[in-house]
Amino acid sequence: MLTDPDCLFCKITAGEIPSDQVYSDEYVVVFKDINPKASVHLLIVPREHIKSLNELEEKHDSLIAHCMRLLPKIAKEQGLDNGFRTVINTGAGGGQEVFHLHIHLLGSNDLGDAWF
Ligand code: AMP
Ligand code: ZN
């Protein structure tokens, strides 16, 4: 599996840099965003170093399906019974700051119309 020794999220998924983890398995790690934009703000991060959606290949299909199916389970565990929001920033123009693919999972009682 591809990892990048200089990548922040590779270091976090490897446990070299601490994070506030809420879930992990063979394929992904889920941890709290360090700068939360809602009362629940988690990052779903594949262990494999994929820079962004732009670098996805067919071989990643099962990983992506795994992430998608995980989202509602994590949301439920976090008590987000009324719904949640997912965001994937892609590229500098899309607001991506950490170039290791991740899905933001956001929820609260008052998310409103805000975009993140
Ligand atoms: P993005 O702009 O989509 O690349 O999002 C990167 C996210 O990573 C931001 O919401 C940051 O607050 C978050 N972040 C950066 N460093 C850390 C860290 N060490 N632990 C947890 N979240 C982080
Ligand atoms: Zn990485």
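Q: How far does a polar side-chain atom of H104 lie from an oxygen atom of ligand 1?
A: The general idea is the polar contact, a pair of N or O atoms within 3.5 Å; within protein, one must be able to donate a hydrogen and the other to accept it, and residues adjacent in sequence count only if both atoms are side-chain atoms. Here a polar atom in the side chain of H104 is 2.8 Å from a ligand 1 oxygen. Taken alone, ligand 1 exposes 510 Å², of which the protein buries 86%; such areas come from the Shrake-Rupley method with a 1.4 Å probe, and for residues only the protein chains shown count as cover.

Q: What kind of model is this?
A: It is a predicted model, where local features need pLDDT of at least 70 and side-chain atom pairs count only at pLDDT 80 or more, while totals for chains, interfaces and linings use all residues. Residues are numbered from 1 along each chain as written, chains are lettered from A and ligands numbered from 1 in the order written, and side-chain values use heavy atoms, leaving out hydrogens and water.

Q: Which residues are closest to ligand 1?
A: A residue is near a molecule if one of its heavy atoms lies within 4 Å of it. Ligand 1 is surrounded by 16 residues, the closest being D33, N89, E97, H102 and H104. The side chain of N89 has an N or O atom 2.9 Å from a ligand 1 oxygen, and for a polar side-chain atom of H102 the distance is 2.8 Å.

Q: Which atoms coordinate the zinc ion (ligand 2)?
A: Donors are N, O and S atoms within 2.8 Å of the metal (3.2 Å for Na, K and Ca); water is not among the atoms, so sites may look incomplete. Here C7 (SG), C10 (SG), H49 (ND1) and H100 (ND1) coordinate the zinc ion at 2.0 to 2.3 Å. Along the chain, their spacing is C-x2-C-x38-H-x50-H.

Q: Why is the arrangement around the zinc ion (ligand 2) tetrahedral?
A: Four donors count as tetrahedral if all angles lie between 85 and 135 degrees. The 4 donor atoms here subtend angles of 105 to 117 degrees, which makes the arrangement tetrahedral.

Q: Are C10 and H49 buried or exposed?
A: Buried means under 20% relative accessible area, exposed over 50%, partly exposed in between (1.4 Å probe, protein chains only). C10 is buried at 6% relative accessibility, and H49 is buried at 11%.

Methods:
Four donors count as tetrahedral if all angles lie between 85 and 135 degrees; four count as square planar and six as octahedral if opposite donors are over 155 degrees apart and all others between 65 and 115; anything else is irregular.
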